[in-house]
Amino acid sequence: MSATARKSAPNAEDIRAMKGGAPIVSLTAYTTPMAQIMDEHCDFVLVGDSVGMVMHGLTSTLAVTMEMMILHGQAVARGLRSAMMVIDMPFASYEEGPAQAFRNAARLMAETGAAAVKLEGGVEMAETIRFLVARGIPVMAHIGLTPQSVNTLGGYKVQGRDEAASRVLADAHAIADAGAFAVVLEKLPASLSDQITAEIAIPTIGIGASVGCDGQVLVVDDMLGFFTAFKPKFVKRYADLGTQAEAAIAEYAAEVRARSFPAPEHQFADQAPARKGTAT
């Protein structure tokens with residue numbers, strides 16, 4: 001199945017069925033125009049809690065709220081026709097227990113139209129994933145570097161090296177067994193990512209993982225060069241739109257100050273121009 005040939009958006013089971021097949025394509029989106037641009041090219045679009053850093057100037061994802069996710073989820077939904085929408089559950093909206101997670105996941109899906117939610121965590125989240133899936137909430141998991149746990153992980157470090165590999169592997173098996181339909185692998189050694197991909201029956205979506213994953217996801221503002229506060233090693237810049245935008249704004253400012261904009265063609269005459277076929 002390819003994103004370009006599809007006439008309707010896939011669901012969680014469609015994504016699960018792509019395991020071992022054509023690579024799954026995903027990007028984050030936070031606005032309607034960006035969602036419209038990527039819609040025909042992505043299998044699923046992630047409304048990520050990275051919106052807090054990318055669009056709201058936060059230093060981490062921890063202060064992102066349910067209201068922020070709903071607002072951006074609604075905006076993205078208006079721009080999608082062909083791609084599935086997955087939405088992040090923000091920090092402190094699900095960790096308390098399965099009942100809390102269900103209430104908030106149901107709200108996110110009901111108010112945004114998302115087809116699935118994504119939550120962070122492995123073994124410790126297996127019970128919650130199982131609870132949600134049993135009640136009709138498709139869940140995408142997220143293991144390895146989990147940004148909502150940045151304070152306990154000691155920063156944005158590579159996870160799963162050396163003896164820590166067994167813990168991440170256990171996380172992968174736990175969330176797959178609990179019923180997640182896919183899992184994001186973030187900032188893991190390539191060899192461990194390949195092992196996980198080979199051992200579990202659900203698709204792996206890499207972000208700083210391995211080319212051997214079943215799919216890839218990037219933060220769109222990273223890959224387009226809009227977000228420049230820092231650049232992770234795993235990001236490839238496919239464009240430098242931030243620099244182009246700054247140059248365009250500088251040119252506009254210079255023309256305004258020089259009174260060369262608006263030029264005559266951007267202004268209106270005292271009288272409306274005559275219509276064709278009428279006397280002047």
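Predicted model: local features only at pLDDT ≥ 70, side-chain atom pairs only at ≥ 80, totals over all residues.
Colleagues, I shall begin with the aromatic pairs, of which the structure holds 2. One of them joins Phe-227 and Phe-230: the ring centres are 5.3 Å apart and the planes stand at 90°, so this pair is edge-to-face. The partners may be considered in turn. Phe-227 has a relative accessible area of 12% and is therefore buried, since buried means under 20%. Phe-230, with a relative accessible area of 43%, is partly exposed.

Tyr-252 and Phe-261 also form an aromatic pair, with 5.9 Å from centre to centre and 65° between the planes. This pair too is edge-to-face, because planes over 60 degrees apart count as such.

Which residues form a nonpolar patch on the surface? They are Tyr-252, Val-256 and Phe-261, and together they have about 270 Å² of accessible area. As for individual accessibility, Tyr-252 has a relative accessible area of 48% and is partly exposed. Val-256 stands at 36% relative accessibility and counts as partly exposed. Phe-261, at 32%, likewise counts as partly exposed. With regard to secondary structure, Val-256 lies in helix H11, which covers residues 241-257.

Finally, I turn to a contact between a charge and a ring.

Notes
Residues numbered from 1 in each chain as written. Heavy atoms only, no water. Patch = residues over 30% accessible without salt bridge, like charges linked within 9 Å, V, L, I, M, F, W, Y side chains within 5 Å. Areas by Shrake-Rupley, 256 points an atom, 1.4 Å probe, with all protein chains shown as cover. Salt bridge = Lys/Arg side-chain N within 4 Å of Asp/Glu carboxyl O. Helix = DSSP H or I, 4+ residues; strand = E, 2+ residues; numbered from the N terminus. Buried < 20%, exposed > 50% of the residue type's maximum accessible area, 1.4 Å probe, protein only. Phe/Tyr/Trp six-rings, centres within 6.5 Å; stacked < 30°, edge-to-face > 60°.
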